[in-house]
Amino acid sequence: MSKPANALLLCLLAATLGVLLAACPPAMGNVDWAAKSEQVYTKLPDATEATKLAEHGEKLFNSQACGSCHATGAARGGLMGPPLGGVGAAVTSRHAGDELAARRWMYKHIRDPQKWPGPHHGSDEYKSSAMPSYRGLQDQDVSALVEFLWTLR
Ligand code: HEC
């Protein structure tokens, strides 16, 4: 192959690579969820925002089938995961009342429950299933789920 043709090929290759890199989402396995949780939660949502998020979060809770493993009240109801009634208050108290830190933890738990496990993790009661990681959701969707969880009693 002649030199100019080689150069052209290289250029084409570089251009294709550039497009591919730009089009691909960042490698899903390597996201620093702890850092992300701090970017997403710089402050608490105000009451209006929280209500809007929670409404969207309820829809996501259903569409993501969280309810196939979790009851939204205080009773387990025969499901594989722990019931989520009061979970916002429980997580907040585990963070010494720091609402922002509690939401950051919840964000990380939804993104990667194996790395940020809940208090029932590995317990005999709930070992029949593991919670999946929700890495593909938009940040605003995770925030919506978090605010919905905070409404559960
Ligand atoms: C296949 C079943 C399954 C699905 C689906 C599932 N979870 Fe879980 N989840 C579990 C199990 C089992 C645990 C307990 C072990 C642990 O904490 O890792 C858990 C723990 C939790 C906790 C911590 C509870 C506590 O007491 O602190 C929260 C919050 C939670 N899940 C929310 C969700 C949300 C929101 C979704 C949907 C986006 C979801 N889960 C989907 C099985 C599931």
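Predicted model: local features only at pLDDT ≥ 70, side-chain atom pairs only at ≥ 80, totals over all residues.
**Exercise 1.** Work out how helix 3 and helix 6 are oriented to each other: roughly parallel or roughly perpendicular?

*Solution.* Start with the numbers: helix 3 (residues 47–63) packs on helix 6 at about 95°, and the axes are 6 Å apart. Now hold that angle against the range of 65 to 115 degrees. The two helices are therefore roughly perpendicular to each other. Next, see who makes the contact: helix 3 brings residues including Leu 53, His 56, Leu 60 and Phe 61, while helix 6 brings, among them, Asp 141, Leu 145 and Phe 148. Sorted by class, the residues of this contact are eight nonpolar, four polar and three charged.

**Exercise 2.** Describe how helix 5 meets helix 6: at what angle do the axes cross, and which residues touch?

*Solution.* First the geometry: the axes come within 10 Å and cross at roughly 120°. Then the hand: helix 5 passes helix 6 in a right-handed crossing. On the helix 5 side you'll find Arg 103, Met 106, Tyr 107, Ile 110 and Arg 111, facing Val 142, Leu 145, Val 146 and Leu 149 of helix 6. That gives seven nonpolar residues, two charged and no polar ones.

**Exercise 3.** Which residues come nearest to the ligand, and which elements give two or more residues to the shell?

*Solution.* Of the 26 residues around the ligand, Cys 66, Cys 69, Gly 81, Gly 118 and Met 131 come nearest. Helix 5 (99–111) and helix 6 (139–151) are the elements giving two or more.

Definitions and conventions:
Residues numbered from 1 in each chain as written. Near = placed C-beta within 6 Å. Helix = DSSP H or I, 4+ residues; strand = E, 2+ residues; numbered from the N terminus. Axes fitted to C-alpha atoms, helices over the stretch in contact; angles between N-to-C directions. Parallel < 35°, antiparallel > 145°, perpendicular 65-115°, else oblique. Contact = placed C-beta atoms within 7 Å. Nonpolar A, V, L, I, M, F, W, Y, C, P; charged D, E, K, R; others polar. Left-handed = near helix turned anticlockwise from the far one by under 90°.
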